[in-house]
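Please read them alongside the structure.

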Amino acid sequence: MRRRVAENLTAYGFLSAALLCFAVFSWYPIARGVVLGFQQVDFVAAPAWVGWENFERLFADPLFAVAWRNTLLFTVLALVFGFAVPFLLAVVLNELRHFKAYFRLVVYLPVMLPPVVAALVWKWLYDPGPGLLNTALRGLGLPGLGWLDDTSTSMLSLVLVATWANLGTATLVYLAALQSIPGELYEAAELDGAGVLRRLWHVTVPQTRFVLLVLLLLQIVATMQVFTEPYVMTGGGPQDSTVTVLLLLYRYAFYYNDFGTASALSLLLLLVLGAFTALYLRVTRRVDA
Amino acid sequence: MRTLVAPGRSRTGYAIALTITTIVVTAVFVLPLVWVVVSAMKPAVELARVPPTVLPLTWQPETYVEAWRLMDLGRYFLNTIVVAVGTWAVQLAVDVPAAYALSRLKPVLGKGILGMMLLTLMMPAAVLLVPTYLTIADLGLLDNPVALWLLGAANAFTVFLLKRFFDQLPVEVLEAAKIDGAGQLTLLWRIVLPLSRPILAVVSIFAVVAAWKDFIWPLLVFSDPARQTLSVALQRFAPDTPVNLMLAGLVLAGAPVVGLFLVFQRHVLAGLTAGGVKG
C-alpha cells in the first residue's frame with residue numbers, strides 16, 4: 001500500500017512539468033476561448049459580458065462572408081492540387097527504379113524551407129514582368145498571367161505555393177503506402193484483363209484508402225487555417241480576394257484589439273473544423289484498435 | 001517488386017517516363033531554388049529586365065555579404081536558434097519524464113491525463129490563438145522566447161510518440177535494473193533513454209524543424225524587432241529592401257535547414273514514415 005503511494009508520488013513528480021505546461025498553454029486557453037467569445041475584451045477596460053454581440057458584429061461585417069468564401073475556395077483548390085497531385089506523383093515515382101533517392105530528396109526539399117521564405121521567393125517568381133513563371137509562359141508562346149495582382153488568380157497562386165511547399169510529406173507517405181501493396185493483386189487484376197487505369201482504380205486506390213482518407217481529413221483541417229501565405233504574399237488583397245478566416249481573425253485581434261470578436265470567430269471555426277477532426281479520430285481509432 | 005505497371009514490358013516507354021518525370025520534378029522543385037541563388041547575384045537593375053537574363057551579366061556575389069550585414073541577419077539567426085534549441089530542450093525535458101510516467105509508472109488517473117492531452121490534438125491551433133496569446137501576455141512573457149519554449153512543451157503528439165515507444169520496451173531489462181536497487185530517475189536516465197535513441201531522434205527533428213519553420217507564434221510573441229526570428233524579420237524587411245538583397249537574405253535563411261536536411265535526410269525521412277500519418 002505504502003509502495004503504491006510512493007510510486008504514485010514519483011509518477012506525478014515526473015508528470016508535474018508537463019501537467020503545468022498543458023494546463024497553462026492548452027487546457028486553460030481552451031476554456032478561456034469559449035468564455036472570451038461572449039465578452040468584450042481589449043487591453044483598456046476590464047472584460048465585460050456581452051452575450052451574442054460579438055457574433056452579431058461578425059455577421060454584420062461584409063468581410064465575414066468573403067473570408068469564408070475565400071477560405072472554402074482555398075480548401076477546395078488545395079484539395080484538387082494538394083490531394084490529387086501527390087498521389088499521382090507517388091504512383092509514378094513508385095514505378096521508377098532509377099534516381100529513387102534523388103526524387104525523395106528533391107520532393108521533400110521545400111517542406112524544410114520556412115514557409116515565409118517559400119512565400120517571399122514565390123512572390124518574386126510570380127512577378128508579372130520579370131518573374132520566372134510568366135517568362136516560362138511567354139517562352140511557351142502563352143500570354144502571361146497577373147498571378148497575385150489579379151483577383152481571378154490570386155487565390156490560385158496562394159494554393160500553388162502552399163502545394164509546392166507541402167506536397168513532399170503527402171507524396172512520401174503515399175509512397176510508403178504503395179510499397180505495402182502486395183504485387184500479386186496487380187498480377188491477378190492483369191490476368192483478369194484489367195488495364196493500367198482500372199488497376200489503379202480497383203487495386204491501388206482501395207489498398208491505400210485508409211492513408212488517403214487520413215491525409216484528406218488532415219489536409220482539410222490544415223488548409224482551412226491558412227494564414228502565412230496570404231499574410232506574407234497579399235495581405236488579403238487584391239480587393240479582399242485573399243482574406244481568409246484566419247486573416248480576418250488576426251485583424252480583429254491585433255489590428256482592432258477586439259479579442260472578443262476574434263474569439264467568436266475562433267469558435268465558429270472550431271465548430272466547422274471540429275466535425276472534420278471528429279471524423280479523423282473515428283477513422284484512425286478504428287484502425288488502431 | 002511487382003507494381004502497377006508490369007516491369008520490363010517496354011524499355012523505351014520506361015526510359016521516356018523516367019526522363020519526363022526527372023525533368024518535371026527537377027523543374028518544379030529544384031529550378032526555382034537554383035534560380036533564386038543565381039539571381040541574387042545580379043544587380044537590382046538587371047533583375048528588373050524583361051525577359052530576365054539567365055546568368056548574371058554582372059556577377060555580384062558580394063550581395064550575400066551585404067545582405068547579411070545590412071539586414072543584421074546574424075542577430076535574427078541567433079534569435080531563431082535560441083527559439084529552436086530552447087523549444088527542443090524544454091520539450092524533451094518536460095515530455096520524456098511525462099511519457100515515461102504514463103507508460104511505465106501507470107499512476108492513478110494516468111489514462112485520463114493522457115486522454116486530456118490527446119484531446120488538445122483535436123483543437124485546431126488557430127482556434128487557440130487569441131486565448132493563448134492573452135495568457136502569454138498575462139504571464140508577462142511577451143517578447144520572451146520562454147513563451148515559445150513552454151508552448152512547445154505542451155505537445156501531445158510528442159508525448160504520444162514517446163509513450164508508444166516506451167510501451168514497447170522489454171519489461172525484463174527494467175525489472176532487472178529495479179532489483180539492482182535503481183531509482184526511477186536512474187532507470188529513466190541510464191536504461192530507458194539509451195534504448196530510446198531512435199524515437200528521441202525523430203522527436204528532436206520534429207521539434208527543431210517545427211520551431212524553425214514556425215511563423216505565426218513568433219509573429220505574435222515578438223513585437224520587439226530586436227528579438228524577432230528570421231521568418232518574422234524577413235517578412236518585415238520584404239516591402240522596402242532592394243530585390244537582390246532580399247533574395248540573398250532568403251537564400252541565407254533557407255540554406256541552413258536545407259543543408260541540415262541534406263546531412264540528416266535519412267533520419268528525417270525515416271521519422272516521417274514512423275510518426276508520419278498522424279503528424
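**Notes on the interface, the core and the chains**

1. In chain B, 78 residues are in contact with 82 residues of chain A, where two residues are in contact if their C-beta atoms, placed from the backbone, lie within 7 Å. Helix H15 (residues 243-275) of chain B gives twelve residues, the largest share of the side of chain B that touches chain A; helices (H or I, at least four residues) and strands (E, at least two) are DSSP runs, numbered from the N terminus. That side of chain B has 60 nonpolar, 14 polar and four charged residues, with Ala, Val, Leu, Ile, Met, Phe, Trp, Tyr, Cys and Pro taken as nonpolar, Asp, Glu, Lys and Arg as charged, and the others, Gly among them, as polar.

2. This is a predicted model, in which local features need pLDDT of at least 70 and side-chain atom pairs count only at pLDDT 80 or more, whereas totals for chains, interfaces and linings use all residues. Residues are numbered from 1 along each chain as its sequence is written, and chains are lettered from A and ligands numbered from 1 in the order in which they are written.

3. The largest nonpolar core has 157 residues, and A:Leu249 and B:Leu250 are those with the most contacts inside it. Such a core is a set of buried Ala, Val, Leu, Ile, Met, Phe, Trp, Tyr and Cys residues joined through C-beta atoms within 7 Å, and a residue is buried if 20 or more other C-beta atoms lie within 10 Å of its own, C-beta atoms being placed from the backbone. Helix H7 (residues 154-179) of chain A supplies 16 residues, the largest share of this core. Because domain 1 (11-66) and domain 2 (73-240) of chain B both give residues to this core, it lies between them; the domain bounds come from an automatic or database domain assignment.

4. Not counting residues up to four places away in sequence, A:Leu249 touches A:Ala262, A:Leu265, A:Ser266 and B:Leu129.

5. Chain A has 13 helices and two strands. Its radius of gyration is 24 Å, well over the 19 Å that the globule rule gives for 289 residues, so chain A is more spread out than a compact globule; the radius is taken over C-alpha atoms, and the rule is 2.2 Å times the number of residues to the power 0.38. Of the 289 residues in chain A, 42% are buried.

6. Chain B has 15 helices and zero strands, and 40% of its 279 residues count as buried. Along the principal axes, the C-alpha trace of chain B spans about 75 × 65 × 35 Å.

Definitions and conventions
Buried ≥ 20, exposed ≤ 12 C-beta atoms within 10 Å, placed from the backbone.
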